[in-house]
Amino acid sequence: MAPGSQGSQLAALNAWVAEVAALTRPDAIHWCDGSDAENAALIAQMQADGTLIQLNEQSHPNSYLHRSHPDDVARVEHLTFVCTAHKDDAGPNNHWMAPLDAHAKMDALFDGCMQGRTMYVIPYCMGPIDSPLSRCGVEITDSPYVVANMRIMTRMGAPALARIEREGSFVKGLHSIGELDPERRFIMHFPEELTIQSFGSGYGGNALLGKKCHALRIASHQARSEGWLAEHMLILGIENPQGETHYVAAAFPSACGKTNLAMLIPPEGYRNAGWKVWTIGDDICWMRPGSDGRLYAINPEAGFFGVAPGTSAKSNPNALASIQHDTIFTNVGVTADNQPWWEGLDDGQTAVTDWRGNPFDAAKGPAAHPNSRFTVSAKQCPSYSAKAEDAQGVPISAIVFGGRRASLVPLVFEARDWTHGVLVGAAMGSETTAAATGAVGVMRRDPMAMKPFCGYNFADYFSHWLSFDHDDAKLPKADLPKIFHVNWFRKGDDGKFLWPGFGDNLRVLEWMIGRVKGEAAAVETPIGHLPAEGDLNLDGVTLNEEGRAKLFGFDHAGWQAEFASIGDYLDEYGPRMPQALKDEQQRIAASLA
Ligand code: SAT
Ligand code: MN
């Protein structure tokens with residue numbers, strides 16, 4: 001039964017649901033209330049039809065394995081479109097289709113696609129239910145797996161519906177797994193209509209429409225017109241021994257360790273001294289200037305959709321502790337006693353069955369797909385911060401950009417000012433990972449880690465970022481975070497990582513906070529401020545000569561070539577690219593000449 005009465009704020013929602021039902025022709029319509037009983041019934045149904053496989057009830061209570069279609073294991077950037085009325089508004093960073101053409105294509109795919117299936121209507125809220133920074137959406141899907149995941153990843157059900165009824169506005173997301181045919185798969189965004197349509201995939205960011213589709217592509221577009229930022233960033237709190245907490249937002253491309261950084265465990269010396277790290281979010285950050293001019297951030301999500309391989313008691317004990325119960329695993333292997341297993345778990349066991357459900361044979365490939373995932377409520381994370389539920393959000397002291405760069409880029413540097421920081425973000429490069437289909441390990445420019453997620457022209461996005469550093473007497477004086485760049489992935493001549501990473505990354509964060517407070521020293525170079533020998537606490541880390549030189553050095557000739565390439569990259573955006581950013585690039589290129 002559809003809630004709400006005629007004439008209420010829900011009339012628009014009811015009308016849309018009726019319209020979708022007329023097109024897709026489901027056998028039944030189920031409005032999700034988010035209750036435990038509803039979830040239990042869906043899980044039982046998915047166990048019965050094989051969508052979910054119960055894992056070892058002793059070791060992993062209430063946890064399930066889902067095996068996706070083997071052709072449906074990652075986001076599909078080449079099939080993802082931003083459909084704005086004008087092509088230039090989507091920009092060279094997006095695939096574009098005219099809205100009318102895209103609607104015609106999608107209507108044909110959705111026509112009758114839910115026959116024999118149940119249509120689920122999922123009202124959800126991105127962000128704490130009572131936060132002014134939060135935004136609501138409704139996803140219609142024919143996948144109960146999507147319902148179960150959305151229940152973990154968002155504030156889903158009755159409270160979200162009540163907020164939609166109050167506000168009357170919501171993002172419309174329509175999803176069908178179709179036939180899971182890669183030839184009939186499209187992820188379409190209509191930012192001007194606050195609408196998402198996704199067909200033919202049941203996986204992650206293609207199907208859980210609250211995540212990348214809403215919270216990044218649609219929200220970035222909304223944020224631009226409303227004066228805030230929707231970013232592909234984790235948020236963490238760093239509490240020093242004096243009990244003072246600084247919040248940091250950090251952008252890394254998918255599968256570059258955002259979850260690990262967000263759940264960092266301080267090295268022993270730091271722990272003993274009283275340092276603590278708090279997790280706010282691991283993937284998405286919405287930020288808005290507060291009345292004091294600082295940026296306040298919320299995590300719009302309520303759970304983690306983390307990469308399983310490499311997660312271990314050593315690399316991320318908080319994540320491992322989080323996923324011991326009430327977790328959905330997708331595309332991992334299983335052990336002889338039916339526990340979830342993946343490469344790098346390092347628990348002395350091994351899989352007997354691989355992610356496809358075949359007997360595991362290491363010679364034929366990994367047990368877990370490299371983009372296999374766990375879905376778990378953030379509340380299960382031991383380091384989850386109470387502040388993550390705060391309606392006001394947390395004030396951000398530093399913004400960090402980082403990618404996977406085997407060469408050139410040092411461990412850390414600080415941007416001179418906001419404009420330079422925006423250029424540092426815009427020039428970000430990273431080697432591709434398994435989170436998207438396509439070649440892995442190819443260096444590409446991934447500005448602010450938003451290449452696959454910015455819902456509008458990057459040139460306009462950079463202008464929007466620059467606009468936060470205003471000189472407008474009518475607005476509160478901006479007290480903006482400092483901007484840094486990090487590279488945990490620098491390699492030596494032997495191809496091995498030079499920096500230990502994980503918990504030791506706190507050493508770098510400590511230096512950043514020292515810089516924010518005006519206490520830590522740095523040396524100036526054309527690319528920004530670098531810590532000099534002795535500025536970073538390296539007690540307990542062994543670095544050889546090569547490590548010190550490459551992690552803290554500045555390769556003049558290499559950066560000259562890099563800045564030439566950055567200039568070419570900015571030019572690809574044509575006349576919409578803000579002059580201030582080009583000037584900044586030219587200023588640095590000149591100082592390198
Ligand atoms: O598939 S998702 O987009 O949800 C995960 C990721 O790529 O970060
Ligand atoms: Mn991500």
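Guide: Across the interface of domain 1 and domain 2 the rule finds six salt bridges, a salt bridge being a side-chain nitrogen of Lys or Arg within 4 Å of a carboxyl oxygen of Asp or Glu. The model is a predicted one, in which local features need pLDDT of at least 70 and side-chain atom pairs count only at pLDDT 80 or more, while totals for chains, interfaces and linings use all residues. Residues are numbered from 1 along each chain as its sequence is written, chains are lettered from A and ligands numbered from 1 in the order in which they are written, and side-chain values use heavy atoms, with hydrogens and water left out.

The two partners are domain 1 (11-51 + 76-226) and domain 2 (230-301 + 386-554), and the chain also has domain 3 (304-380); these bounds come from an automatic or database domain assignment. The centres of domain 1 and domain 2, taken over C-alpha atoms, are 31 Å apart. Their contact takes 35 residues from domain 1 and 32 residues from domain 2, where contact means heavy atoms within 4.5 Å. About 2900 Å² is buried between domain 1 and domain 2, with carbon and sulfur atoms giving 54% of that area; buried area here is the accessible area (1.4 Å probe) that two parts lose on being put together, summed over both.

Between domain 1 and domain 2 there are 20 residue pairs in polar contact, both residues being at pLDDT 80 or more. A polar contact is a pair of N or O atoms within 3.5 Å; within protein, one must be able to donate a hydrogen and the other to accept it, and residues adjacent in sequence count only if both atoms are side-chain atoms. On the side of domain 1 that touches domain 2, the elements that give two or more residues are helix 3 (87-90), strand 6 (118-126) and helix 8 (210-226), and helix 8 gives the most, with eleven residues. Helices (H or I, at least four residues) and strands (E, at least two) are DSSP runs, numbered from the N terminus. By class, that side of domain 1 has 15 nonpolar, ten polar and ten charged residues.

Helix 8 also holds Lys-212, while Asp-283 is in the loop between strand 15 (276-281) and strand 16 (285-289), so that the pair, 71 residues apart, links distant parts of the chain. The side chains of Lys-212 and Asp-283 meet in a salt bridge with an N to O distance of 3.2 Å. Lys-212 counts as buried at 5% relative accessibility, and Asp-283 likewise counts as buried at 7%; buried means under 20% relative accessible area, computed with a 1.4 Å probe on protein chains only. Lys-212 and Asp-283 are linked with Lys-211, Lys-258 and Glu-301 in a network of salt bridges. Another salt bridge joins the side chains of Glu-389 and Arg-155, at 3.0 Å from N to O.

Note on methods: Ala, Val, Leu, Ile, Met, Phe, Trp, Tyr, Cys and Pro count as nonpolar, Asp, Glu, Lys and Arg as charged, and the others, Gly among them, as polar. Buried means under 20% relative accessible area, exposed over 50%, partly exposed in between (1.4 Å probe, protein chains only).
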